[in-house]
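This report describes selected features of one protein structure. Please examine the sequence and the model shown here before reading on.

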Amino acid sequence: MDAQRSGWLMKRISRFLGYLILILTSLVLIAPVFFMVVSSFKVDAEYLSFPIRIFPKIAQWQNYKLVFTMTPFAKIALRTALLAISTATITAFVSSMVGYAFARYNVPGSKRLFGIVVAMLIVPFIVILIPQFILYSKLKLTNTYWPWILGALGGSPFYIFMFRQFFLGFPKELEDAAEVDGCGPFGIYWRIFLPNAKPVFATVMIFATNSVWGDYLTPLLYLSNSKTLLGVALTTAFRNPQGIEIKTVTLAASVLYIVPLIITFFLAQKHILKGVVTSGLKG
């Protein structure tokens, strides 16, 4: 009886400690976002004051109005969203086709080629960025959106891996039945595999869109101020006549910047979780 009670007590304690760690970790992760949202309603004097005041005396709603009056925020956001969605769509389709080929066709050298694709996952992005910039510069494609489009046409090693892992779980009988019905390789992919890969496709779309929407370095290198994307525009747009940054307006713009990402995640979190789980069924 004492052993049973002791076991029950230890289970309670371990559960309490687990919840405590989760709560503390969540607070650490949420704290910067919370401070950014609260500070976006302050004036700069309150934001820079010491000791730090968490909440403003009077909420400065005009900070959000200034975001749209000091810069063409909506226009730049639309430009960024169109580029992000279009490149994400291309990346998802190309990666799904390559992943399908690696999963279902065992041709000579395919395993070694897939090994090279997986090895690209550990190559730092900065190592590729410099030769890419030199290449696009010589092709006179800087200050255009072609670097994003051409990059999307090459797919992504991580997304190819996800689709390949997902497609490995499909039974061979589906392909056999489709071949009997007269489907070729592309028909099997288009009619059988792709419609059943919606969770992974949605996950890839969200990740790929976020990678463009949240990118700062690439548009800073390739695009001029008149064509730049939202991540770069927010860092230089909100300044007073003396050229000093209005920090609280920048924070308000940053809140608007992350809101679409948060909404998208909450609307699609089931697809994201299902896509990540199902893409790891077989190795």
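Which residues are buried in helix H10 (residues 185–193)? In this predicted model, the buried residues of H10 are Gly 187, Ile 188, Tyr 189 and Phe 193. Among the elements that cover these buried residues are helix H4 (73–104), helix H8 (157–167) and helix H9 (172–180).

Helix H4 also contains Thr 80. Why does Thr 80 count as buried? Its relative accessibility is 0%, and buried means under 20%; Thr 80 is therefore classed as buried. Apart from neighbours within four places in sequence, Thr 80 is in contact with Trp 213, Leu 229 and Leu 230.

The report now turns to the pockets. The table gives their volumes and the classes of their lining residues.

| Pocket | Volume | Nonpolar residues | Polar residues | Charged residues |
|---|---|---|---|---|
| Second largest pocket | about 300 Å³ | nine nonpolar | three polar | no charged |

The largest pocket has a lining of 27 residues, and those nearest its centre are Phe 125, Gln 132, Gly 151, Gly 155 and Ser 156. Elements that each supply at least two lining residues include H4, H8 and helix H6 (125–138). H6 provides the largest share, five residues.

The second largest pocket is lined by residues including Ala 81, Ile 85, Met 205, Trp 213 and Phe 265. Two or more of its lining residues come from each of H4, H11 and helix H14 (247–278). H11 gives the most, with six residues.

Methods. Residues numbered from 1 in each chain as written. Predicted model: local features only at pLDDT ≥ 70, side-chain atom pairs only at ≥ 80, totals over all residues. Heavy atoms only, no water. Buried < 20%, exposed > 50% of the residue type's maximum accessible area, 1.4 Å probe, protein only. Helix = DSSP H or I, 4+ residues; strand = E, 2+ residues; numbered from the N terminus. Contact = heavy atoms within 4.5 Å. 1 Å grid on protein atoms, 1.4 Å probe; cavity = no way out; pocket = protein on both sides within 12 Å on 5 of 7 lines; lining within 4 Å. Points joined across faces, edges and corners; volume = space filled by probe spheres on them. Nonpolar A, V, L, I, M, F, W, Y, C, P; charged D, E, K, R; others polar.
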